[in-house]
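The stops below are meant to be taken in order.

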Amino acid sequence: MRATLLGAAIALVAGVAVATPAHAANPIITSIYTADPAPLVVGDTMYIYAGRDEAASGGSNFLMREWRVLSSTDAANWTDRGVKANTGTFRWAGADAWASEVEPRGGKYYWYTSVNGNGAGWMDIGVAVGDSPLGPFTDAKGGPLVSDSTPNSSGLNIDPTVFTDDDGQAYLYWGGYWGVRAAKLKPNMIELDGPVVTPQGLANYWEAPFLFKRNGLYYMIYAANDTNGCVTSSSYACQRYATATNPMGPWTHRGVVLGQVSSTTNHAGVAQFNGQWYMVYHNANAPGGGNFRRSVAVDLLRFNADGTMQRVTQTTAGPPPNPGTGTGGNIAVGATAATSYVSPWETLSAVNDGGTPASSADRSSPVYGNWPEQGTQWLEYTWPSARSVNRTAVYWFDDDQGIDLPASCRVQYWTGSAYADVPGQSSCSTAANTFNTVTFPTVSTTRLRLDITARADHSTGVLEWQAFAA
Ligand code: FUB
């Protein structure tokens, strides 16, 4: 035990001293191996809490001794903030820094961890607490929150996920080997509040739950390893998901949201950041990677209009930078959209939902179209106070039927009394399958307008119209 603590202390010092350069691609960190990511958004920063894989090349077991924090202010460029907890954080434990997740409450940050409390196969849930997302973190309880002696606990007490609802009630889910469990947490966040229950409806559950809420609906993503639409071999795992109208279920299984990854394990989390939804997960794609040398990746997550989730496309490029409303950020996301006309079966809010279309024919998310109107139509963004803007970008919609790429377009701004063409704007192009950028000297305005002139006998459509803060 002394050697373990010494090793952990050395790792802690090393982690603080070494700042890994920012990186914009998947996997997001390649200087070390990282696994079991759990995202948390605080203000203008997205944090990812992750374990570190230290197994030797060709190793056949996990070697995990520390938990680290990665952070980003645009979801594309990530910095390793170092080791913020390790197995030595929990004096009653000593090995296996497995999956974890952080939940804020009352100005504190509670870090729920899977950690080995009693020897091989004896995993427990610990909880550390810190005053900031980066800690420092200390053991909040002095013993496990969940262990094998907790009545009705899982066959493997790992992979905690904690979610706090709007009424302040916090919920804990966890469990491996098909043994998912749930319990309420007391307001102190370090004691269970009531019995441990076995939630219903999480079909093919294997491990790695992650609970969140969107538009009043609860979502649970979790690893499954069935070969019935999930993976090609049960050694691997996918992420299935289920929804519920109550955080304790019962759950309705909805399908696969993340397919098989290149590592055998599949562990993911979801966050909304600067108007865009993201999935963080791990794979074995870093150089020298493997099942016990995994790496965290980030990709866009898209929802359908009915609330179901689209299957995540795993990319090596990662998501485009999303710096929010700061300089260079897409401020269209926070604007109120208006238009001269939208077809009743299409959706105006599609133009500023922060999405990144796959092509001009991409109907996987709601779209804006103005069929059967022709001639010049317009889109407009309004902000409650003046914004400095120097660039817009539009992704045209083309359904190869009534809606075609436009003949021309131009950007206008509200002078305070009328619309005028934005002076000095570059040409407004009409190419398919890409964002068409218009740049101009900064204007300060409360309203921006995109005038769109259709080709003869056609209407026009837009999948996304971005406006960027100067
Ligand atoms: O990283 C160790 C374990 O592998 C995690 O606790 C599981 O979710 C799986 O990713």
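Before the first stop, two points on conventions apply. This is a predicted model, in which local features need pLDDT of at least 70 and side-chain atom pairs count only at pLDDT 80 or more, while totals for chains, interfaces and linings use all residues. Residues are numbered from 1 along each chain as its sequence is written, and side-chain values use heavy atoms, with hydrogens and water left out.

**Stop 1: the ligand**

Select the ligand together with Asp36, Phe62, Met64, Trp98, Ala99, Asp159, Glu207, Thr265, His267, His282 and Arg294, the residues around it (a residue is near a molecule if one of its heavy atoms lies within 4 Å of it). Coloured by class, this shell shows four nonpolar, three polar and four charged residues, where Ala, Val, Leu, Ile, Met, Phe, Trp, Tyr, Cys and Pro count as nonpolar, Asp, Glu, Lys and Arg as charged, and the others, Gly among them, as polar.

**Stop 2: the nonpolar cores**

Now select Leu379, Leu450 and Val462, which have the most contacts inside the largest nonpolar core, a set of 28 residues. A nonpolar core is a set of buried Ala, Val, Leu, Ile, Met, Phe, Trp, Tyr and Cys residues joined through side-chain atoms within 4.5 Å; buried means under 20% relative accessible area, exposed over 50%, and partly exposed in between, with a 1.4 Å probe and protein chains only. At least two residues of this core come from each of the strands E21 (376-397), E22 (408-414), E24 (436-453) and E25 (461-469), strands being DSSP runs of at least two residues, numbered from the N terminus.

Which residues does Leu450 touch, not counting those up to four places away in sequence? Among them are Trp378, Leu379, Val394, Trp396, Val411 and Trp465, and also Gln377, Cys409, Arg410 and Cys428, a contact being heavy atoms within 4.5 Å. A second, separate core has 18 residues, including Val257, Ala268, Leu301 and Met309.

**Stop 3**

Select Asn370, in the loop between strand E20 (368-369) and E21. Asn370 counts as buried because its relative accessibility is 0%. Its side chain makes a polar contact of 3.3 Å with the side chain of Tyr368 (a pair of N or O atoms within 3.5 Å; within protein, one must be able to donate a hydrogen and the other to accept it, and residues adjacent in sequence count only if both atoms are side-chain atoms). Leaving aside neighbours within four places in sequence, Asn370 is in contact with Tyr341, Ser343, Gln377, Ile403, Ser459 and Thr460.

From there, move to Tyr341, in the loop between strand E19 (336-339) and E20, which counts as partly exposed at 27% relative accessibility. Residues that Tyr341 touches include Tyr368, Trp371, Pro372 and Gln377.

**Stop 4: Arg240**

Select Arg240 in strand E14 (residues 238-244). Is Arg240 buried or exposed? Arg240 counts as buried, because its relative accessibility is 5%. Its side chain has polar contacts with the side chains of Asp226, at 2.8 Å, and of His253, at 3.1 Å.

**Stop 5: backbone geometry in loops**

Finally, display the backbone and select Gly135 and Pro136, joined by a cis peptide bond with omega of about 10°; Pro136 is in the loop between strand E7 (123-130) and strand E8 (137-139). Another cis peptide bond, with omega of about 5°, joins Gly249 and Pro250, and Pro250 lies in the loop between E14 and strand E15 (252-258).

Then select Asn274, which has a positive phi of about 50° although it is not a glycine, in the loop between strand E16 (268-273) and strand E17 (276-283). Asn433, likewise not a glycine, has a positive phi of about 65° and sits in the loop between strand E23 (419-421) and E24. Asn274 is partly exposed at 28% relative accessible area, and Asn433 counts as partly exposed at 49%.

Definitions and conventions:
Helix = DSSP H or I, 4+ residues; strand = E, 2+ residues; numbered from the N terminus.
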